[in-house]
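Let's take a friendly walk through this fold, one step at a time.

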Amino acid sequence: MEIDQSLPKEYATEENRLKIFGFWVFLGAEIALFATLFATYFTLVNNTGSGPAGKDIFELGPVLIETFVLLTSSFMIGLAVNAMRLGHKKAMMSFLVVTLVLGAIFIGFEITEFIHYVDVGAGLSTSAFTSALLTTLGTHGAHVTLGLVWGIAILLQVKKHGLTPKTANKSFIFSLYWHFLDVVWIFIFSFIYLKGMM
């Protein structure tokens, strides 16, 4: 395995570069998945039947906190990648831990939000609107939960093996995934919550 010292560790081998390219292809499929969920939601948003509409169940305060927490986590993973590129293992791991803690806080808020929806009669089978809403939010939440598990696995690998081309590649790919989830959330925040509150 030939290592190119002139490139950042995550790009240092041909295999690493191919893995990053492959992950971009995977993200293309993820974009298609979320685009389908958004299209379904926008088609069904007014089909509330006898159930509540978005303006009846959405609360701006918790959603703003969720958004702040997730966007801050995106900033933290950026700092983790920067520390990784500088060769600062401890700082990289610390920023990754903060990223994961913020991700867990986000999931906590999302679980609380789902409980609130069920309490006010906006369950999965209440209407086409609530079904599309909860499926879209739940899919994003499941992705964040998967990210938490993945991030913990990377932490353990970096702790054990240090910042090698292999662990740097895995960490960088994870950062791409985490940033992608934040971009999806911005769309959810803007086009589901804010639009739904109007």
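Predicted model: local features only at pLDDT ≥ 70, side-chain atom pairs only at ≥ 80, totals over all residues.

Now find helix H1, residues 14-44, and helix H6, residues 165-197. H1 passes H6 in a right-handed crossing. The contact between H1 and H6 is made by 20 nonpolar, two polar and three charged residues. Their axes lie 11 Å apart, and the packing angle is about 15 degrees. Angles under 35 degrees count as roughly parallel, and H1 and H6 are therefore roughly parallel to each other.

The largest nonpolar core holds 53 residues, and Phe58, Met92, Tyr117 and Leu133 have the most contacts inside it. Two or more residues each come from H1, H3 (60-85), H4 (89-119), H5 (128-161) and H6. H6 gives the largest share, with 15 residues.

Setting aside neighbours within four places in sequence, its contacts include Ile57, Phe58, Leu133, Leu137 and Tyr193.

Finally, look for Val63, which sits in helix H3. Is Val63 buried or exposed? Its relative accessibility is 2%, so Val63 counts as buried. Beyond residues up to four places away in sequence, Val63 touches Glu113, Phe189 and Tyr193. Val63 and Glu113 are 50 residues apart along the chain, while their C-alpha atoms are separated by 8.9 Å.

Notes. Residues numbered from 1 in each chain as written. Heavy atoms only, no water. Axes fitted to C-alpha atoms, helices over the stretch in contact; angles between N-to-C directions. Helix = DSSP H or I, 4+ residues; strand = E, 2+ residues; numbered from the N terminus. Parallel < 35°, antiparallel > 145°, perpendicular 65-115°, else oblique. Left-handed = near helix turned anticlockwise from the far one by under 90°. Nonpolar A, V, L, I, M, F, W, Y, C, P; charged D, E, K, R; others polar. Core = buried A, V, L, I, M, F, W, Y, C linked by side-chain atoms within 4.5 Å. Buried < 20%, exposed > 50% of the residue type's maximum accessible area, 1.4 Å probe, protein only. Contact = heavy atoms within 4.5 Å.
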